Amino acid sequence: MGEFWPVPDVLAYLAGSWRVERSVRDLTSGAEGHFSGTTTFSPLDDGGLLHEESGTFTWQGVPRPAERTLRFLPGPGSGTGRSRGSAEVRFADGRPFHDLDLTSGHHVTDHPCSADLYRGEFTVRGPDHWRTVWRVGGPAKDLVLTTDYAREG
């Protein structure tokens, strides 16, 4: 299991600020983009974390400001102390996005979006670095989004 770093408490691990670098590839057209910015996970009253990401997204040479907000909530059974490695990820408006279980340091999850399917792979490499790779496929999209997170100071 040496390539993955197990996370016993996902919310405690994520809390704080992270430097974000994301590449976006459109597999159909060959177009590429890049996002560079910061993600901050700050406490919510319900024990979860508010994920606020902001930075610059450059697509085909054109930079624009970009941001998104998610909510990371304690996963099922989190109060027992046995399942603190899991969380439920929701969009800012409360709609479910995906589950997240990093107890092994690695997790694969799906999110259907209309006729497209988002398949996310989460890999924790150490106490200050993790990565997500989202493969998006369907009639509207054929993308790979790779995001590296590095803990800030």
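In which strand does Arg-19 lie? In this predicted model, Arg-19 sits in strand 1, the run covering residues 16-26.

Setting aside neighbours within four places in sequence, the residues in contact with Arg-19 are Ser-36, Gly-37, Thr-38, Asp-148, Tyr-149, Ala-150 and Glu-152. Take Ala-150: this residue is 131 residues away from Arg-19 along the chain, yet the two C-alpha atoms are separated by 5.1 Å. As for the Ser-36 contact, the side chains of Arg-19 and Ser-36 are joined by a polar contact of 2.8 Å. The Arg-19 side chain also reaches the backbone oxygen of Gly-37, at 2.9 Å.

Strand 2 (residues 32-43) and strand 3 (residues 49-59) pair in the antiparallel sense, with eleven bridges. Together, strand 2 and strand 3 make a hairpin with five residues between them, and Gly-47 in that turn has a positive phi of about 95 degrees.

Strand 3 carries on to strand 4 (residues 62-74), again antiparallel and joined by eleven bridges. Within this pair, His-51 stands opposite Leu-70 of strand 4. The hairpin here has two residues between the strands, and Gln-60 takes a positive phi near 50 degrees.

Strand 4 turns up again at the largest pocket, where it gives the largest share of the lining, six residues. The space in this pocket comes to about 570 Å³. Of its 26 lining residues, Arg-22, Glu-53, Arg-68, Phe-97 and Leu-145 are the closest to the centre.

In soluble globular proteins, nonpolar side chains tend to end up buried together. Here, the largest nonpolar core has 26 residues, and the members touching the most others are Val-10, Leu-14, Phe-72, Leu-100 and Trp-130. Helix 1 (residues 10-14) supplies the largest share of this core, with four residues. For a look at one of these members, Leu-100 is in contact with Val-10, Leu-14 and Phe-72, and also with Gly-85, Ser-86, Ala-87, Val-89, His-107 and Phe-122, once neighbours within four places in sequence are left aside.

Technical notes
Residues are numbered from 1 along each chain as its sequence is written. This is a predicted model: local features need pLDDT of at least 70, side-chain atom pairs count only at pLDDT 80 or more; totals for chains, interfaces and linings use all residues. Side-chain values use heavy atoms; hydrogens and water are left out. A nonpolar core is a set of buried Ala, Val, Leu, Ile, Met, Phe, Trp, Tyr and Cys residues joined through side-chain atoms within 4.5 Å. Buried means under 20% relative accessible area, exposed over 50%, partly exposed in between (1.4 Å probe, protein chains only). Contact means heavy atoms within 4.5 Å. A polar contact is a pair of N or O atoms within 3.5 Å; within protein, one must be able to donate a hydrogen and the other to accept it, and residues adjacent in sequence count only if both atoms are side-chain atoms. Two strands pair if DSSP finds at least two bridges between them. On a 1 Å grid over the protein atoms alone, a cavity is a set of points where a 1.4 Å probe fits but cannot get out, and a pocket is an open set with protein on both sides within 12 Å along at least five of seven lines; lining residues have an atom within 4 Å of a point. Grid points are joined across faces, edges and corners, and a volume is the space filled by probe spheres set on the points.
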